[in-house]
Amino acid sequence: MINNRKAAIIGCGFVGASTAFSLMHQGLFSELVLIDVNEEKARGEAMDLSHGRPYVDTSKIYAGTYEDLADCGLIIITAGANQKPDETRLDLVHKNVSIFKSIIPEITKRNSDGILLVVANPVDILTYVTLKLSGFPKNRVFGSGTVLDSARFQYLLSEHLEVDSGSIQAFIIGEHGDSELAVWSDTNVSGIGINEFCEMRGHFDHEKSMKRILDDVRNSAYEIIEKKGATYYGVAIAVSHIAESIIRNKNSILPVSSLLEGEYGLSDLCLSVPTIVNSNGAEQVIEIDLNSEESSLLNKSAGQLKEILSSLDL
């Protein structure tokens, strides 16, 4: 019997621990189990977090083993090698595919009905690997995708326009990485097209601003890694946002990474596009209108991932 109020985090590095902290504050789960190859690290994180339990709604946080996964409704996988300065997310492929080949079978031995949420990078590749290794239905295996990238996009636009980021509808899609693209044609502020709204706010050099903002989105992780060694707070909040949509059955439209089966003319790969996320997982991919340039860039992004996937032994 699956307990939808129980979640597990596999990997207690910066991202895993920060995600646990964020989930604990939200009070979405009554039980949160932390698993790491370094068992002492998992115990230490669980102890530290547990000391804040009197002030939050999460009732049980502990270090566990794969045996504790049997009834987990949501399993969040953050385990993997960290991205180093001057290293792309795709550079991590073979290291982390090897790690996932040891992790995923351990999960599926104990749990066949939960949702697997992949956060480790390169997330689109590892989501596809997880789907193939687990044999789970496609709706119950998806990645955090470009949810964080889209939040960065909204934040930078809000700073540029000096408006509340919650009023901005904007998506980054494609690979969670260097080939990702902004869907400018669909970006709006409270229903007003982005270029029109920019002019209302006194900005007229659209091409220059668009290039600068997208470059900043793409380079954010590299800049943070250079300055502090790793990114973890932003992605932890993004993962918590995804988890909330699952546990509260919110039907949120989020650019998560899931299997495409003909949508956008693409198939047999996991890619980040707007998707309805609810208690069933990644329930339905939403096909938004793309202009010809955006369609070409999405196909280029998909092609790069396909090339990597073809080199893997799955």
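This is a predicted model: local features need pLDDT of at least 70, side-chain atom pairs count only at pLDDT 80 or more; totals for chains, interfaces and linings use all residues.

**The whole chain.** Select every C-alpha atom. Along the principal axes, these atoms fill a box of roughly 55 × 45 × 35 Å. The radius of gyration is 19 Å, which agrees with the value near 20 Å that a compact globule of 314 residues would have.

**Secondary structure.** Next, switch to a cartoon display. The chain contains 9 helices and 16 strands. Among contacts with a separation of 6 or more, 71% are between residues 24 or more positions apart.

**Burial and charge.** Colour the residues by accessible area. Of the 314 residues, 54% are buried. Then select the charged side chains: there are 27 positive and 43 negative charges, and their mean positions lie 5 Å apart.

**Serine 179.** Now select residues 172-173 and 181-182, which are strand 8 and strand 9. Serine 179 is located in the loop between these two strands. Is serine 179 buried or exposed? Its relative accessible area is 12%, and because buried means under 20%, serine 179 counts as buried.

**Its surroundings.** Finally, display the side chains of Ser301 and Gln304. Serine 179 is in contact with both of these residues, its neighbours within four places in sequence being left aside. With serine 301 there is also a polar contact of 2.7 Å, formed between the two side chains.

Technical notes. Residues are numbered from 1 along each chain as its sequence is written. Side-chain values use heavy atoms; hydrogens and water are left out. Helices (H or I, at least four residues) and strands (E, at least two) are DSSP runs, numbered from the N terminus. The radius of gyration is taken over C-alpha atoms; the globule rule is 2.2 Å times the number of residues to the power 0.38. Buried means under 20% relative accessible area, exposed over 50%, partly exposed in between (1.4 Å probe, protein chains only). Contact means heavy atoms within 4.5 Å. Lys and Arg count as positive and Asp and Glu as negative; His and the chain ends are not counted. The place of a charge is taken as NZ of Lys, CZ of Arg, CG of Asp or CD of Glu. A polar contact is a pair of N or O atoms within 3.5 Å; within protein, one must be able to donate a hydrogen and the other to accept it, and residues adjacent in sequence count only if both atoms are side-chain atoms.
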